[in-house]
Amino acid sequence: MGFIKNTRIILILFLLLNISLKAQDTLKQTVRGKILDKQTQLPIPGATVVLRNFEPVMAVISDIDGNYIIRDVPLGRINIECSYLGYSSQTLSNVILSSGREQVINFELEEHAFDLEEFVIKAYSRKDQPVNTMAIISARSFTLEETGRYAGSYGDPARMAANYAGVMTGKDNRNDIVIRGNSPMGILWRLDDIEIANPNHYAASGTTGGPITILNTNLLTTSDFLSGAFPAEFGNATSGVFDLKMRNGNNTKREHWLQTGWNGLEIGTEGPFSKKHQASYIIAYRYSILEILNSIGVNLGIDPRYQDLNLKVNLPYSKGKFSLIGLGGLSSIKIFDTDKKQKDWMFDESGEDVINSSALGMFALSNLHFMGEKTRLKTSFIISGSEVTSKIDTFSLQNRPVFLKAGEKSSETKYSITSSIMRKISSKSDFSSGFYYDIIDYIYKDSTFRNQQYENDTDAGGRMSLLRAYSQWHQKLTSKLLIVGGLHYQLFNLNNSWTLEPRIGIKWDINPVQSLNIGFGMHSQMQARMMYFAQTLQPDGSYNLSNINLDFTKCRHYVIGHDYLLSEFLRLKTEVYYQQLYNIPVKQSIGAYSMLNAGVEYFVGRQDSLINTGTGSNYGIEMTLEKFFNNNFYFLLTSSLFNSTYTAADNIERPTAFDTRYLINAVGGYEKTIGKKRNGVLVLGARFTWNGGRPYIPYDVGGTLNNGYETLDWNNAYTVRYPDYKRISIRFGFRRNKAKLSSELTLDLQYRTNYTNIYTERIDVRTGKIHNYQKMGLYPLSTWKINF
């Protein structure tokens with residue numbers, strides 16, 4: 001009911017806004033940007049920029065610094081093309097132009113490697129093609145618009161990526177994503193080439209997801225998502241990569257936005273520091289809307305508290321630029337059964353009081369320096385920190401005073417330096433090399449009451465470091481054949497484990513509309529850092545660090561893909577993959593345990609006495625049929641058939657916790673321009689998801705009653721499955737342009753067609769009764785945004 005009330009408030013405010021503003025004549029806006037060489041990132045003067053969907057055609061030439069500007073462009077969707085002699089032209093179609101914000105469109109053009117007679121120039125660009133030219137297999141780009149366009153995405157890059165082939169979310173209320181049967185813990189997050197910790201509120205140690213993202217998509221520009229066999233510059237990951245890019249603030253005009261909705265009350269601003277210089281800033285702050293409502297007496301039954309800040313400062317100079325990047329988030333929540341009636345307790349005759357909080361902060365100073373016309377050097381200094389605190393108290397009808405069951409207080413502070421150099425050898429070849437060095441100060445403390453005593457699962461503090469280095473090259477052998485190769489090296493000083501990983505990718509353009517891609521890569525990832533300090537309790541009461549010598553988890557990726565552009569706006573993509581995993585931590589005393597299944601639950605259990613003898617495999621086929629936005633509609637249809645298995649210490653092959661076997665996604669949308677002045681746009685969208693049932697480990701009821709704590713039936717691990725999962729998401733939206741102001745209202749509805757979909761399962765240690773908990777079948781989430 002609280003969400004419905006919130007939606008009504010937003011609707012009323014939106015209607016009042018439109019009543020108070022008078023109808024305007026045809027509204028116009030400015031389109032501008034910068035044109036760069038894709039490899040060197042140097043400006044291209046004299047390039048032509050044309051708006052194709054206007055009569056007469058609107059066209060300009062870029063200046064000596066590569067900048068262009070087109071004024072008085074009518075609002076709506078525009079098609080813009082950039083071209084320059086000796087370079088492939090680039091066209092962006094159906095870009096939204098609104099009154100509240102100038103549209104900044106930057107182009108990165110690629111130089112022709114061969115004579116024009118031999119080279120086929122495409123008249124349009126592919127929106128799905130990755131920004132990173134080294135990524136030629138299992139990679140695609142996504143835009144800011146797409147993170148808000150897809151029904152059920154809520155402006156979250158991870159939830160949006162769950163629409164792609166081979167990708168699914170772990171649970172409804174979190175954005176952990178499973179890629180090709182891999183644990184979400186295998187994902188790498190990067191922001192402007194800087195690796196970041198879990199960028200989500202209510203994060204748990206070792207995880208990569210959470211209920212609400214800290215990342216603000218209003219500050220992002222076109223970014224990449226990679227799902228396998230990624231290039232050599234990416235390391236310490238076995239599943240996938242989010243390679244996110246932040247945009248620079250407007251350096252000629254101050255602009256602002258205000259947004260409110262399910263994910264918070266947000267205010268943002270951007271602009272130049274001075275009109276005499278090109279330096280700019282962009283910053284956004286968000287505060288929990290539910291906490292605001294609770295503070296004014298609107299009780300929704302939960303009290304999540306969170307706030308976050310995203311910022312970027314761009315300081316250009318004659319031979320490069322400095323950038324300041326900041327990211328931070330604080331979150332906490334209290335869920336107390338002691339404040340509820342008995343019928344709402346976790347169990348029939350007992351309950352839990354849970355307190356959880358997390359914090360993330362990152363600040364980076366980067367310098368991009370051009371060393372001549374063909375070489376650039378980028379160096380970054382980063383300090384980041386994260387903290388997780390949790391406490392679980394239990395009580396029962398027989399023992400009403402709360403009893404501390406478990407708790408954690410863990411933190412990390414990381415000091416990093418990263419540097420990379422890129423050299424454009426010729427129009428056919430370029431080379432890059434770089435390194436990352438992290439120094440990590442850590443404190444890991446957590447304990448659980450079991451066997452009639454508190455056992456410290458971790459209790460450690462100190463310093464460790466991780467060194468990584470890479471080299472990669474990009475070579476065009478012919479006008480149709482491209483090869484990318486490289487090496488990645490890692491050294492972990494805690495136990496001196498190291499790895500050397502070759503990567504290679506080949507792309508063959510069969511003709512202008514078809515290509516064949518092949519990729520291979522060896523990849524490795526250190527274990528979740530707190531796992532190295534899991535303790536084994538000795539008979540004399542002392543502890544032994546039995547995991548301290550764990551090696552990297554390792555894998556080999558093999559991918560073959562075929563891309564077929566059926567028309568300018570319709571493409572069909574097929575990929576077949578095989579992933580061989582080895583060196584997986586397993587446990588002799590629990591024969592079915594494997595770290596490959598870690599990450600399926602919110603908390604990552606601290607298992608001790610692990611050894612790197614486990615294996616696993618993921619293989620499957622993925623198909624994507626995608627219609628890019630054109631003629632007012634778009635759609636994305638994806639399907640995956642796959643198999644995900646593992647072998648642990650008992651040498652029995654089992655399905656992993658992520659082996660749902662099949663996955664189907666269908667998402668689409670339609671837009672309709674309305675109103676006499678055509679300044680309003682009605683937006684409709686829908687999504688349908690169908691996953692196979694997820695395997696799980698059942699409870700050992702007898703063992704639980706005897707031990708007094710939750711005990712799993714490892715003999716039947718992953719032999720049972722939850723029912724298939726189905727979900728429908730619907731999105732309604734309305735965009736309105738006024739003079740110097742634009743507004744947008746959206747409403748997302750999610751409906752679980754299968755009410756037996758189990759969110760979590762818990763056993764009452766006192767009675768042995770198993771309780772299944774399910775999320776509500778239908779709930780609305782609304783957002784209202786104003787740009788001015």
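Buried here means under 20% relative accessible area, exposed means over 50%, and partly exposed is what lies in between (1.4 Å probe, protein chains only). You're looking at a predicted model, where local features need pLDDT of at least 70, side-chain atom pairs count only at pLDDT 80 or more, and totals for chains, interfaces and linings use all residues. Residues are numbered from 1 along each chain as its sequence is written, and side-chain values use heavy atoms, leaving out hydrogens and water.

**Stop one: Asp193.** Select Asp193, in the loop between strand S12 (187-191) and strand S13 (194-195); strands are DSSP E runs of at least two residues, numbered from the N terminus. Asp193 counts as partly exposed, because its relative accessibility is 25%. Check its backbone too: Asp193 isn't a glycine, yet its phi is positive, about 70 degrees.

**Stop two: Asn631.** Now go to the loop between strand S36 (610-630) and strand S37 (633-647), where Asn631 sits. Asn631 is another non-glycine with a positive phi, about 55 degrees. With a relative accessible area of 58%, Asn631 is exposed.

**Stop three: Pro56.** Jump to the loop between strand S2 (48-51) and strand S3 (58-61) for Pro56. The Glu55 to Pro56 peptide bond is cis, with omega near 0 degrees.

**Last stop: Leu682.** Pick Leu682 in strand S40. Leu682 is partly exposed, so expect a relative accessible area of 36%.

Note on methods: Helix = DSSP H or I, 4+ residues; strand = E, 2+ residues; numbered from the N terminus.
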